[in-house]
Amino acid sequence: MPPLSVYMVRAALLHLGIGFTLGALMLLDKAIQIDPDLWRLWSIHVELTLVGWIVQLAMGVAFWIMPRFARLPNRYGRRTSFAWGAFALLNAGVLAVSIGTWWTALDTLLVIGRAAELSAVGLFVVHLWPRIKPPGA
Amino acid sequence: MPTLARWYIKAALIYFVLALLAGVIVQARTVIDLPSRLAVLRPVYIHLLTVGWITQLIIGVGYWMFPKFSRDNPRGNERLAWATFILLNLGLALRVISEPQVSVRATPDLSWMLALSAVMQLVAGWLFVINTWARIKER
């Protein structure tokens, strides 16, 4: 597994663990009423489990298993820096969106976070596009 | 494909069907005469889909395909992996049974079951993270 995939999949695992923790807290509150404020975690729970976990895991595994270039010095293609940028921007985006949804006064951060996630996906698509190719190409 | 991966993936497929069945029930309520309390199935529908299907499929395929932990112990701690499978599926099943009941405050009170399901799923999630972490490595 290439280093970038190691970082992405491990980051995804952390998001899964934290996302499950927040979800369990809300479910516990539904069962035994701990603190209604726990439900403010709902948007962060969704962000971590959908973008931080599922989306990031798919990206990390895609970087690992999609076809590579046998004839290039870097087998993963010419624009691997784009994929590293995608990793940084995606995680920064998830963090910004999470903070922005918790503190409503920081709704600008929410927009910045979403823009970072969009940029991450754009960079990742530009990196991965040439790797979707027939064998030997 | 190892035995446990087959269990994960087959369980994921069952949850996939159950999730869409719950989705049909939630949606049908708006066009045919079904009890309005069925609306409380929405969180069950979403979690059958995202935990029971997507996350469980990822866990099953990951258990099978991620880099080997070692030659003697290729998939990490197998007991931990089985415990993850049991806790995740039992936890989710208990949620499906108890969450609608608790949401409408019906009797018998199944709050204890819902709390138990939260703890089981939480433990399953972290057990998977712990057991998988060392397998995510450069060859």
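Biologist: Why are α1(A) and α4(B) called roughly antiparallel to each other?

Modeller: In this predicted model, helix α1 (residues 3-32) of chain A and helix α4 (residues 111-133) of chain B pack at an angle of about 170°, with axes 8 Å apart. Angles under 35 degrees count as roughly parallel, over 145 as roughly antiparallel, 65 to 115 as roughly perpendicular and the rest as oblique. The pair α1(A) and α4(B) is therefore roughly antiparallel. The axes are lines fitted to C-alpha atoms, for helices over the stretch in contact, and angles run from 0 to 180 degrees between N-to-C directions.

Biologist: What conventions apply to the model?

Modeller: It is a predicted model in which local features need pLDDT of at least 70 and side-chain atom pairs count only at pLDDT 80 or more, while totals for chains, interfaces and linings use all residues. Residues are numbered from 1 along each chain as its sequence is written, and chains are lettered from A and ligands numbered from 1 in the order in which they are written.

Biologist: What makes up the secondary structure of chain A?

Modeller: Chain A has four helices and zero strands, in the pattern α-α-α-α. Helices (H or I, at least four residues) and strands (E, at least two) are DSSP runs, numbered from the N terminus. Chain B likewise comprises four helices and zero strands.

Biologist: Which residues of α1(A) meet α4(B)?

Modeller: Among them are Leu13(A), Phe20(A) and Leu27(A), and the residues they and others meet in α4(B) include Leu114(B), Leu122(B) and Trp126(B).

Biologist: How many residues of chain A are in contact with chain B?

Modeller: 19 residues of chain A are in contact with 21 residues of chain B, where contact requires C-beta atoms, placed from the backbone, to lie within 7 Å. On the chain A side, α1(A) gives the most, with 15 residues.

Biologist: How do you know that the span of helix α4 of chain A agrees with its number of residues?

Modeller: The expected span is 1.5 Å times one less than the number of residues. For the 22 residues of α4 (residues 107-128) of chain A this should be 32 Å, and the end C-alpha atoms are 32 Å apart, which agrees. The 30 residues of α1(A) reach 43 Å, close to the expected 44 Å. Just after α1(A), Gln33(A) takes a positive phi of about 40°.

Biologist: Why are the buried residues of α4(A) said to line one face of the helix?

Modeller: A residue is buried if 20 or more other C-beta atoms lie within 10 Å of its own, exposed if 12 or fewer, and partly exposed in between, with C-beta atoms placed from the backbone. Gly113(A), Ala116(A), Glu117(A), Ala120(A), Leu123(A), Phe124(A) and His127(A) are buried in α4(A). Seen down the axis, they fall within an arc of 130°, so they line one face; the arc is that of the directions from the helix axis to the C-beta atoms. They pack against α2 (42-65) and α3 (80-102) of chain A. On the other side, Asp107(A), Thr108(A), Val111(A) and Val125(A) are exposed.

Biologist: What percentage of the residues in chain A is buried?

Modeller: Of the 137 residues in chain A, 39% are buried, and for the 139 residues of chain B the value is 37%.

Definitions and conventions: Two residues are in contact if their C-beta atoms, placed from the backbone, lie within 7 Å.
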